[in-house]
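Have the sequence and the 3D view open, and let's walk through them together.

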Amino acid sequence: LEPMDLFRVQVASDPQISPDGKRIVYTRQSADVSSDRRVSNLWIVNFDGSEHRPLTTGTYGDSSPRWSPDGTRLAFISDRDGKSQLYVRWMDSGQTAKLTDLENPPAGISWSPDGKQIVFTSLVSAASPKIATLPAAPEGAKWADAPKVYEDLIYRFNGPGYLKPGYSQIFVISSDGGAPRQLTTGKFPHAPGVGDFGGSYAVWAPDGKSLIVAMN
């Protein structure tokens with residue numbers, strides 16, 4: 001193996017079987033040599049291995065494919081517009097719609113049993129802690145950036161870098177689009193995240209009337 005071989009390695013992950021059991025969608029990860037960044041696209045293959053082809057293309061981060069209960073749509077997360085957002089693709093036409101415009105990326109997406117809602121988690125930013133009130137810079141002056149204060153034991157992580165202050169919260173959104181609705185509050189993580197210990201993403205009860213989640 002040579003160092004440049006890392007750009008030739010491709011990895012399959014997160015396979016999702018369609019409700020009728022005939023197709024599988026998965027995330028195919030690789031590295032782009034021109035931008036020196038990891039990219040991922042969604043691929044689909046029949047259960048017998050035939051008709052293996054890409055659903056999405058480009059140097060983006062497409063991930064977390066999830067079939068709708070009736071198998072007609074596919075929800076996924078993508079940063080193709082610059083920031084990771086929630087998208088839905090109609091499998092018959094290939095048309096794709098962006099459902100969210102979030103400040104922070106969504107995660108843990110799951111369809112309700114009736115296919116009308118999608119639950120996800122996302123970081124809700126909080127104000128950084130302060131240890132002192134600093135004077136304002138005079139007009140036209142160029143001062144150094146203000147110091148950053150961290151209170152958490154894990155305040156940076158390989159990849160994301162320095163972590164944003166805030167806590168993951170649970171949201172639901174109509175699968176047809178609209179404003180997401182925040183279901184949880186509280187100064188603790190409501191889903192597993194970078195530097196968080198324990199917890200799980202929300203799952204729907206079979207009747208679709210409630211969500212079950214484990215949190216620390």
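## Starting at a strand pair

Let's start with tryptophan 43, which stands opposite proline 54 in β4. The strands here are DSSP runs of E at least two residues long, while helices are runs of H or I of at least four residues, and both are numbered from the N terminus. Two strands count as paired if DSSP finds at least two bridges between them. β3 and strand β4 (residues 53-54) are joined by two bridges and run antiparallel. Six residues sit between the strands in this β3 and β4 hairpin, and glycine 49 takes a positive phi near 95° there.

Before going further, keep in mind that this is a predicted model: local features need pLDDT of at least 70 and side-chain atom pairs count only at pLDDT 80 or more, whereas totals for chains, interfaces and linings use all residues. Residues are numbered from 1 along each chain as its sequence is written, and side-chain values use heavy atoms, with hydrogens and water left out.

## The other side of β3

On to β2. Strand β2 (residues 23-32) is joined to β3 by 10 bridges, and the two run antiparallel.

How many residues of strand β3 (residues 37-46) are buried? Eight of the 10 are, so β3 is largely enclosed by the rest of the structure. (Buried means under 20% relative accessible area, exposed means over 50%, and partly exposed is in between, using a 1.4 Å probe and protein chains only.) Tryptophan 43 also has a charge over its ring: the charged end of arginine 28 sits there, 3.9 Å from the ring centre. For that label, NZ of Lys or CZ of Arg has to be within 6 Å of the ring centre and within 35 degrees of the ring normal.

Stepping back, the chain has zero helices and 16 strands. Its C-alpha trace spans about 65 × 50 × 35 Å along the principal axes, and 32% of the 216 residues count as buried.

There's an open sheet of four strands in the order β9-β10-β13-β14, with antiparallel pairing. Its edge strands are β9 (106-111) and β14 (181-182), each pairing on one side only. Strand β13 (residues 166-174) pairs with β14 in the antiparallel sense over two bridges, and valine 172 stands opposite arginine 181 in β14.

## Rings that meet

A search of the whole structure turns up five aromatic pairs. The rings of Phe, Tyr and Trp (its six-membered ring) pair if their centres lie within 6.5 Å; planes under 30 degrees apart are stacked, over 60 edge-to-face, and the rest tilted. Phenylalanine 76 and tyrosine 87 make a stacked pair, 5.7 Å centre to centre with 20° between the planes. Phenylalanine 76 lies in strand β6 (residues 73-78) and tyrosine 87 in strand β7 (residues 85-90), so the pair ties together parts that are 11 residues apart in sequence. Both residues, phenylalanine 76 and tyrosine 87, are buried.

Tyrosine 150 and tyrosine 155 form a tilted pair, at 5.4 Å centre to centre and 35° between the planes. Tyrosine 150 is in the loop between β10 (117-125) and β11 (156-157). Tyrosine 150 is partly exposed at 32% relative accessible area, and tyrosine 155 is partly exposed at 32%. Ring pairs link Tyr150, Tyr155 and Tyr162 into a cluster.

## Charged partners

Seven salt bridges come out of a search of the whole structure; each is a side-chain nitrogen of Lys or Arg within 4 Å of a carboxyl oxygen of Asp or Glu. One of them joins aspartate 62 and arginine 80 (2.7 Å, N to O). This pair links distant parts of the chain, with aspartate 62 in the loop between β4 and β5 (63-67) and arginine 80 in the loop between β6 and β7, 18 residues apart. Is aspartate 62 buried or exposed? Aspartate 62 is buried, with a relative accessible area of 0%, whereas arginine 80 is partly exposed at 26%.

Arginine 8 and aspartate 5 form another salt bridge, their closest N and O atoms being 2.5 Å apart. Here arginine 8 is exposed, at 61% relative accessible area, and aspartate 5 is partly exposed, at 22%.
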